[in-house]
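Please read these notes with the sequence and the model side by side. They are numbered so that each point can be checked separately.

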Amino acid sequence: MFANYRTVFLPIFVSHIIKNKKMNLSGNTILITGGTSGIGLAFAEEFLKAGSKVIITGRRVDRLEAIKSRLSQIVTKVSDVADAAQRIELAEWISKNHPDTNILVNNAGVQLITDFNRGIDLERIGSEIETNLTAPIHLTSLFVPHLKGKKDAAIINVTSGLAFVPIAMMAVYCATKAAMHSLTLSLRYQLKETGIAVYEIIPPSVDTELGHDRRDDKSQSHGGIPIAEFIEGAMAALKNDEYEAAIGMSTGLRAKREEVFEQLNSRFAG
Ligand SMILES: NC(=O)c1ccc[n+]([C@@H]2O[C@H](COP(=O)([O-])OP(=O)(O)OC[C@H]3O[C@@H](n4cnc5c(N)ncnc54)[C@H](OP(=O)(O)O)[C@@H]3O)[C@@H](O)[C@H]2O)c1
C-alpha cells in the first residue's frame, strides 16, 4: 500500500515542486551554442538584458567579433560543435574560465535538404546529424557533472515543431529534431533528482538564417514569424517554467500531427 502511494504520488509531488520553481532570468551564466545569428543571438540579447552573463559560440569569427563590438559585455568563443575535440575543449575552457556557468543552451543547428529519389551525400548527412544531434548529446554529457550542484542549473534544448510533423524534403533535419525531443524527455527524467532543470523550446518557423545556404538570395525570408515575436514567447515560457514550450504554430503541429502532415507537405511539394 505504502509502496503504491510512493510510486504513484511521489513523482507527481516532485514534478509539482519543480514546476513551482520559476526560472530566474537574471544572475545566470549561460553558454549558448550557435549564437552568431537567429535564435541563439536573440536568446543571448534577452538574457543579457535580463541581467545574466552570456557566452556565445559559433564558427564565424567575423560575426563573433562584430557581436562583441556591439555588445561589449558578451563573451565569445570560436567553436565548431560538429567537431568532438572542439566540444571537449569548449567544456574544459568553460570549467577553467567561466566556472560559474549554470545554464547550457543547445541551440546550434543546420537544416539541409534530403531527397531519397536523388541519392544522399553521406558526408553532408553526417555533419547535419553531428551538429543537430550528436553535439547536444555530447555537450550535455560533458556539462552534466559541471552543472550538478550549481544554483538554478538548467539545460535548454532548442528542437522544432518539425519534430512532431516533418517536412519530407528536410527528412534528416526533422528526424534529428524528433530525436532531440525524445532525448529531452529522457534527460529530464534522468536528471530529476539532480537539481538540473531540463527545458525544451519548440520554435515554429522563425525568420532567421536557417537554410540560407540553399537560397541564392540570402535576404529572402523563409516565411517564418519575426524573431522578436518568437523570442518574446520563448522567454515568457522559460520565465513561467514551461518545461516543454511549443511556441506559436508549433503548438498545433504537436497537437494534431497526422492531420497536419499532408497539409504541410502539399505546400512544400517540389
Ligand atoms: N528558424 C527556424 O524556423 C527554426 C525553427 C525550429 C527550430 N529552429 C532551430 O533553432 C536553432 C537555431 O537556428 P536559427 O533559426 O537561429 O538559424 P541560424 O540563424 O542559421 O543560426 C544557426 C546558428 O547555429 C550555428 N551553428 C551551425 N552549425 C554550427 C557548428 N557546427 N558549430 C557551431 N555553431 C554552429 C551558427 O553559427 P556559425 O554559422 O557561426 O557556426 C548560427 O549561430 C537550430 O537548432 C534550429 O534547428 C529554427
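1. Helix α2 (residues 38-50) and helix α7 (residues 227-239) have axes that come within 10 Å and cross at roughly 55°. Helices here are DSSP runs of H or I with at least four residues, strands are E runs of at least two, and both are numbered from the N terminus. Axes are lines fitted to C-alpha atoms, for helices over the stretch in contact, with angles from 0 to 180 degrees between N-to-C directions. α2 and α7 are therefore oblique to each other; angles under 35 degrees count as roughly parallel, over 145 as roughly antiparallel, 65 to 115 as roughly perpendicular and the rest as oblique.

2. Which residues make the contact of α2 with α7? From α2 they are Gly38, Ile39, Ala42, Phe43, Glu46 and Phe47, and from α7 Ile227, Phe230, Ile231, Ala234, Met235 and Leu238. Contact means heavy atoms within 4.5 Å. By class, these residues are 10 nonpolar, one polar and one charged. Ala, Val, Leu, Ile, Met, Phe, Trp, Tyr, Cys and Pro count as nonpolar, Asp, Glu, Lys and Arg as charged, and the others, Gly among them, as polar.

3. The model is predicted: local features need pLDDT of at least 70 and side-chain atom pairs pLDDT 80 or more, while totals for chains, interfaces and linings use all residues. Residues are numbered from 1 along each chain as its sequence is written, and side-chain values use heavy atoms, with hydrogens and water left out.

4. A second pair is helix α4 (residues 84-97) and helix α5 (residues 122-147), whose axes come within 10 Å and cross at roughly 30°. α4 and α5 are therefore roughly parallel to each other. The residues of their contact comprise nine nonpolar, four polar and two charged. Among them are Ile88 and Leu90 in α4, and Leu139 and Phe143 in α5.

5. Thr184 lies in helix α6 (residues 171-190). Is Thr184 buried or exposed? Thr184 is buried, because its relative accessible area is 0%; buried means under 20%, exposed over 50%, and partly exposed in between (1.4 Å probe, protein chains only).

6. The side chain of Thr184 has a polar contact of 3.1 Å with that of Asn157. Such a contact is a pair of N or O atoms within 3.5 Å; within protein, one must be able to donate a hydrogen and the other to accept it, and residues adjacent in sequence count only if both atoms are side-chain atoms. The Thr184 side chain also reaches the backbone oxygen of Met180 at 2.5 Å.

7. For the whole chain, there are nine helices and seven strands, and 45% of the 270 residues are buried.
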